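Subject: Structure handover

Dear colleague,

Please find the structure below, with my notes after it. Keep the two side by side as you read.

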Amino acid sequence: MHLSNYHSHCSFCDGRSMPEEFVKFALAKSFRAYGISSHGPLPFETFWNMSAFDMPEYLVEISRLKEKYQGHLEIYTGMEIDYLDTTYNPSIPYFQNLPLDYRIGSVHFLPIATELCEANMVCIDGPFSEFKQAVDTYFEGDIRKMVKRYYESSIQMVELGGIDIVGHLDKIYMNGQRCKDFSFTAPWYRNMVNEYLEVIAGKGLIVEINTKNLLKKQQTFPRQEYLSRMRELQIPVMVNSDCHTPDLVNDGRQEAFDMLKQAGYKSTCELIAGSWQSIPF
């Protein structure tokens, strides 16, 4: 089993420990590579995203860790970058000009107005009570309309580019599945997911198997049922824990590898000496 992780948060965003604490835990578990990917800055301040003012310190700190642990652990500077709209997303010059080793693209927010401020954002990743209120207030109580908007934003993110990895591609279901009229088996939902997978495949991007909720909620992003279709589309994959505390660096990895094997996958993508490579199981 490959011991690497490229989706990891720390005290620069909403993680619970300094970057070095995650690195130490990865070393203790005999990891070969470790990437730190704080939530990138937004055009407004939030509790969970890093501030643009902290970016220089973030880059310096990861560089320090790279040098300190050279020869013991490959450390990479990453970032999880939000897609908001066509004006603020991973492809804009600000993010493309940062000296990052890789970029994860994710959708956490759906703007409900043109002004990009926190008051105009629907967060799909928060408490269900807030999610349900947003469905009722901004999507006429119809979860299908919110899901459609989520996948439209996701497809736009992939088409604009500027990323290496697609983060938790179907996370809308975490809260969405609790809403009336949501159905994993309904054609309207399956068609949206399949369209998104085809766009990802066409761009040659890596999809992470996100294990953040695997052991505690039996959820993966993407869901296990899509892995066979992803293999048919020849979408490369990796396993990431999306950890926010050091003890969860390796959470759910074995289980995710088992799922990939069952779906017919025979390799995952890893950064080796700074280059993406397909590594057989």
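This is a predicted model: local features need pLDDT of at least 70, side-chain atom pairs count only at pLDDT 80 or more; totals for chains, interfaces and linings use all residues.

Residues are numbered from 1 along each chain as its sequence is written, and side-chain values use heavy atoms, with hydrogens and water left out.

Whole chain

The protein chain has ten helices and eleven strands; these are DSSP runs numbered from the N terminus, with helices being H or I of at least four residues and strands E of at least two. Its radius of gyration is 18 Å, close to the 19 Å that the globule rule gives for 281 residues, so the chain is as compact as a globular protein of that length. That radius is taken over C-alpha atoms, and the rule is 2.2 Å times the number of residues to the power 0.38. Along the principal axes, the C-alpha atoms fill a box of roughly 55 × 45 × 35 Å.

Of the 281 residues, 56% count as buried (under 20% relative accessible area, with exposed over 50% and partly exposed in between; 1.4 Å probe, protein chains only). Among contacts (heavy atoms within 4.5 Å) with a separation of 6 or more, 72% come from residues 24 or more positions apart.

Sheet

Seven strands form an open sheet in the order β1-β2-β3-β4-β7-β8-β9, with parallel pairing; two strands pair if DSSP finds at least two bridges between them. The edges are β1 (4–5) and β9 (237–240), each with a single partner strand, so one side of each is left without a neighbour in the sheet. Strand β8 (residues 206–210) pairs with β9 in the parallel sense over four bridges. Isoleucine 209 is placed opposite valine 239 in β9.

Two serines in helix α5

Helix α5 covers residues 143–160 and includes serine 154; serine 153 lies in helix α5 as well. Serine 154 counts as buried at 1% relative accessibility, and serine 153 is buried with a relative accessible area of 4%. Leaving aside neighbours within four places in sequence, serine 154 is in contact with Val107 and Tyr196. On that basis serine 153 is in contact with Tyr83, Val107 and Leu110. Serine 153 and methionine 174 are 21 residues apart in sequence, and their C-alpha atoms are 17 Å apart in space.

Regards
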